[in-house]
Amino acid sequence: MAAPSGLCRRLLPLLLLLGLRIAASSGTSSTSSTGNCGCSAGRASGDGREAAARRYSAAAAAALGSGQSAGHGPMVAIPGGVFTMGTQEPEIQQDGEGPARRVHINSFYMDQYEVSNQDFERFVSSTGYITEAEKFGDSFVFEGMLSEAVKADIHQAVAAAPWWLPVKGASWRHPEGPDSSISSRMDHPVLHVSWNDAVAFCTWAGKRLPTEAEWEYSCRGGLENRLFPWGNKLQPKGQHYANIWQGEFPTNNTAEDGYKGTAPVSAFPPNGYGLYNMVGNAWEWTSDWWAVHHSPQDLHNPKGPSSGTDRVKKGGSYMCHKSYCYRYRCAARSQNTPDSSASNLGFRCAADTPGPH
């Protein structure tokens with residue numbers, strides 16, 4: 001069945017990234033043809049949710065009180081330095097992966113792991129926070145992770161990305177819909193978390209989201225001009241270093257790396273800075289607004305554009321495959337509206353000084 005107009009409007013950011021021409025109430029849009037691997041769908045924005053999340057999170061942080069712990073995992077001290085951000089050999093032209101530019105970064109702290117379901121549960125238990133997916137009543141889930149019972153109840157589809165389905169009741173607690181649970185995945189990354197939700201958590205924890213430059217600097221782990229956090233070879237000595245898609249996307253995931261969906265946040269070897277799962281597993285939000293044109297000049301602690309419609313996410317996910325979504329590279333990037341959520345989208349926090357844990 002064709003998607004109704006309301007769903008089309010909510011899916012507009014995804015469809016544009018997929019290079020498709022669709023008609024919405026405001027007209028027809030089109031863009032280039034490289035796919036986005038369904039790196040999650042967007043919702044209509046502009047209703048003040050970002051400001052509301054900041055107000056809520058500030059109040060939650062104040063309510064936490066001094067001397068209490070947010071119960072979040074360890075952070076790693078990232079030394080200041082200069083690195084080459086981006087690449088002169090972009091794999092996905094429209095993503096703005098280039099040009100390569102020299103960027104100076106002050107020292108800061110980065111979460112060693114992606115924020116886990118256990119971490120997020122502590123936050124929700126302490127504050128009563130309700131995520132945007134829960135408020136909307138649905139979120140996007142990869143079809144291959146759904147039960148037949150859930151799929152049978154879905155009567156909306158988008159031909160451009162048939163593997164992404166809007167699932168009623170899907171949220172961080174129920175990643176594949178109402179008949180799923182995180183009880184056996186408390187050490188896996190929290191999913192279905194919007195940018196606004198991530199900001200709320202980070203503020204509560206006494207932290208913040210990393211800038212895109214900080215994230216990429218951290219991803220590279222002290223290496224220069226390498227594809228991955230550990231070097232240029234995807235599987236050094238035949239070993240898996242990240243949770244991505246093996247097989248043929250989107251029909252056959254062999255799970256050769258041990259995981260069909262997400263993996264524990266401590267899985268796979270850490271990079272040179274001791275950070276885990278910087279690529280693969282779950283996409284990670286950054287604080288930057290999205291732009292595809294970058295100055296080639298030297299920059300010091302850049303924070304991205306001053307405004308925009310989408311936020312930058314980095315690292316790729318368990319759904320990424322070279323044939324379709326080669327975005328599990330440090331220089332790779334993608335974007336979503338700040339209220340987007342999906343079953344492959346999470347985050348980790350940064351801080352100028354070590355946050356409570």
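Visitor: Which residues in H6 do Asp 119, Phe 120, Arg 122, Phe 123, Ser 126 and Thr 127 in H3 meet?
Guide: This is a predicted model, in which local features need pLDDT of at least 70, side-chain atom pairs count only at pLDDT 80 or more, and totals for chains, interfaces and linings use all residues. Residues are numbered from 1 along each chain as its sequence is written, and side-chain values use heavy atoms, without hydrogens and water. Contact means heavy atoms within 4.5 Å. By that criterion, the partners in H6 are Ala 200, Phe 201 and Trp 204.

Visitor: How is the aromatic pair of Phe 123 and Tyr 129 classed?
Guide: Rings of Phe, Tyr and Trp (its six-membered ring) pair if their centres lie within 6.5 Å; planes under 30 degrees apart count as stacked, over 60 as edge-to-face and the rest as tilted. For Phe 123 and Tyr 129 the centres are 5.1 Å apart and the planes make 35°, and the pair is classed as tilted.

Visitor: How far apart in sequence are the parts that Phe 228 and Tyr 328 tie together?
Guide: These two rings form a stacked pair, with 6.0 Å centre to centre and 10° between the planes. Phe 228 lies in the loop between H7 and strand E9 (247-248), whereas Tyr 328 lies in the loop between strand E13 (311-314) and strand E14 (334-336), so the parts joined are 100 residues apart.

Visitor: Is Phe 228 buried or exposed?
Guide: Buried means under 20% relative accessible area, exposed over 50%, and partly exposed in between (1.4 Å probe, protein chains only). The relative accessible area of Phe 228 is 3%, so this residue is buried.

Note on methods: Helix = DSSP H or I, 4+ residues; strand = E, 2+ residues; numbered from the N terminus.
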